[in-house]
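Me: I'm new to reading protein models. Could we go through this one together, a question at a time?

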Amino acid sequence: MIRALLIFLAWTTLYTSCMLQAAEPRQLPTEQDKARTVYVFHKPIVMLQAKFGLTTPEERVLRIRATLPSLNEEDIRQPVKITPVKRYNQAGRLFTINGKVLMLLTEGDLDEGDDLTLDQAAQRVLARLDAQRISLRDQYSSSYLAIATLKTVAATLALGLLLYVAFKSWRRVKRYFEEPTSLKKGLVPAKWRELVGAIEGYFYGLLMILLGLTAFYVWLSSVFLLFPWTRVWGESLGTWSIGVIQTIALSIASAFPGLLIVLIIFLITAFILKLLKIMLTRVETGKLTLPGLHPETVGATRKLISVMVWLFALSAAYPFLPGADSVAFKGISVFFGLMLTLGSAGVMNHAMSGLVLTYSRALRKGDMISIGDNEGLVNEVGMLATKIMTHQNYIVTVPNAVVVSGTITNLSTQNPCGGINLTTSVTIGYDTPWRQVHAMLELAAKRTNGIDKNTVPLVRQLNLLDSYVAYELQVKLCPGESLVGVKSELHSHIQDVFNEFNVQIMSPNYEGQPEKAVIVARNNWFAAPAIEPDKTTEQ
């Protein structure tokens, strides 16, 4: 009874989404074609097209479907036979099994597109029927079912063992790279081993996951192939995997010409940039002169040319990239273009300001400049910001857009040899001769270290104010001297000189002229806790 039920279930599994072209499979089935197709174990056997009287092809398929459950195990053990007959005034082939009629194939069932004779079509149908019959016969053997079950259990145990070994090996590899001793091994420097080891561990884990998925895929298809009810699924899995491998191989092979063209474009681009680098290096070193190109702008020019050339090369290579014509590739390009457009508005403002600074040559690395409240040495003129080192040894980063929009005072531009001008001012009363003030300021400059002695100090009388005269002293520093350090020493010498000659400095402002000059006597110059230096070391 159980065997009869199994036979009934197996032979009544007739309809799936696959299709036939008369006796041959079709690629795009319609609902009508499905209704005219005979299936056994989800396998298409034949599609009937002839109509006999009032009997439609769909009704013929239903009759065959009703006939199959009447077959028993003894019938299935017998081979399928073909008997030539003539029915309905046309030649036909009658398929029988153990004397029982299965189906009739006539010339009207053939499709001209198949280019098959009736005997050729009948042989193909016979091969399909007999293959399913043999598969069904073997499956209803108790010994075969037992062996198939044992194979399934063994395959499942092997799969579980493989997954367990893969997991344990990944844990061991991960633990190995986490050990301090492993950081000292290998060709990679020790400071990079921790990062590289983590990457290697996760990469090994990814390989184990791929291995596990592959093993599960093989196990599933193998188990499906062991039983008749699922054999078609196993064959489909195998066909699908082969199709995927073929598709990948064909895609790789078809992508080779395009990738070769992309490689050639990039090699030509790299060669052009190499030539430009040689030429711009000669300009930077002064060995070559080009109109409009200055040595201090060569670095920015090289970057701009490199970006433009690479963008041009990428535009030329884009059509040859694999998948460049796909909708996904175009969508990703639009997405990144939109993000770049929305996110680079402020960045582009600073970048263009950086180009203005570079090509206007308003400042360069090593210049002493003043921008707003910041005064110091230019440490870097970047694409987006300018870095200034102040006299407190702080690095101040000023966005290029702020630099361009403000006022830049460059103290180094007029002194290309390296020295910069130092300017300071004092206010002295009208009762002091201006010639004496000039001499005292020049004397203070001569006593100060770091001032170029070959350049005569310049003293100016800037303003005649209500209570005093404003004097300005300008000197030139020696190359490499600190502006703040020399300025501090110069101020100290100015105070000493004016005290020596009993001249009062009128800064800060006074509301009234004092009765006595506000000066510091020489014997009080080194009042505690100050310590008087050795006489031999005094300047």
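**Reading the model step by step**

Me: How many helices and strands are in the protein?
Reply: This is a predicted model, so treat what follows as a reading of a prediction. The elements are numbered from the N terminus. The protein has 14 helices and 15 strands.

Me: What share of the residues is buried?
Reply: A residue counts as buried when its relative accessible area is under 20%. The protein has 539 residues. Buried residues make up 33%.

Me: Is the aromatic pair of F266 and W310 stacked or edge-to-face?
Reply: A search of the whole structure finds four aromatic pairs. In the pair of F266 and W310, the centres are 5.7 Å apart and the planes make an angle of 70°. Planes over 60 degrees apart count as edge-to-face. The pair is therefore edge-to-face.

Me: Why does this pair tie together parts that are apart in sequence?
Reply: F266 lies in helix α8, residues 231-284. W310 lies in helix α9, residues 298-317. The pair therefore ties together parts that are 44 residues apart in sequence.

Me: Are F266 and W310 buried, exposed or partly exposed?
Reply: F266 has a relative accessible area of 31%. W310 has 37% relative accessibility. Buried means under 20% and exposed means over 50%. F266 and W310 therefore count as partly exposed.

Me: Which residue's side chain does a polar contact join to the side chain of T424?
Reply: T424 is found in strand β13, residues 421-429. With a relative accessible area of 10%, T424 is buried. T424 touches residues including Y471, L490 and H491. The polar contact is 2.7 Å, and the residue is H491.

Me: How far does helix α14 reach from its first C-alpha to its last?
Reply: Helix α14 covers residues 483-500, which is 18 residues. At 1.5 Å a residue, 26 Å is expected. The reach in the model is close to that, at 26 Å.

Me: What covers the buried residues of α14?
Reply: The buried residues of α14 include L483, V486, L490 and F498. Their cover includes strands and a helix. Among them are β8, β9, β13, α13 and β15.

Me: Is Y394 buried or exposed?
Reply: Y394 lies in the loop between β10 and β11. Y394 touches I388 and M389, leaving out residues up to four places away in sequence. Its relative accessibility is 55%, and the cut-off is over 50%. Y394 therefore counts as exposed.

Me: What distance separates the C-alpha atoms of Y394 and G376?
Reply: Y394 and G376 are 18 residues apart along the chain. Their C-alpha atoms are separated by 9.2 Å.

Me: Which residue in β4 does V38 stand opposite?
Reply: Strand β3, residues 37-40, and β4 run antiparallel. Four bridges join them. Four of the five residues of β4 are buried, so β4 is largely enclosed by the rest of the structure. Opposite V38 stands V46.

Technical notes: Residues numbered from 1 in each chain as written. Predicted model: local features only at pLDDT ≥ 70, side-chain atom pairs only at ≥ 80, totals over all residues. Heavy atoms only, no water. Phe/Tyr/Trp six-rings, centres within 6.5 Å; stacked < 30°, edge-to-face > 60°. Helix = DSSP H or I, 4+ residues; strand = E, 2+ residues; numbered from the N terminus. Buried < 20%, exposed > 50% of the residue type's maximum accessible area, 1.4 Å probe, protein only. Polar contact = N/O pair within 3.5 Å; in protein donor to acceptor, adjacent residues only side chain to side chain. Contact = heavy atoms within 4.5 Å. Expected span 1.5 Å × (residues − 1). Pairing = 2+ DSSP bridges.
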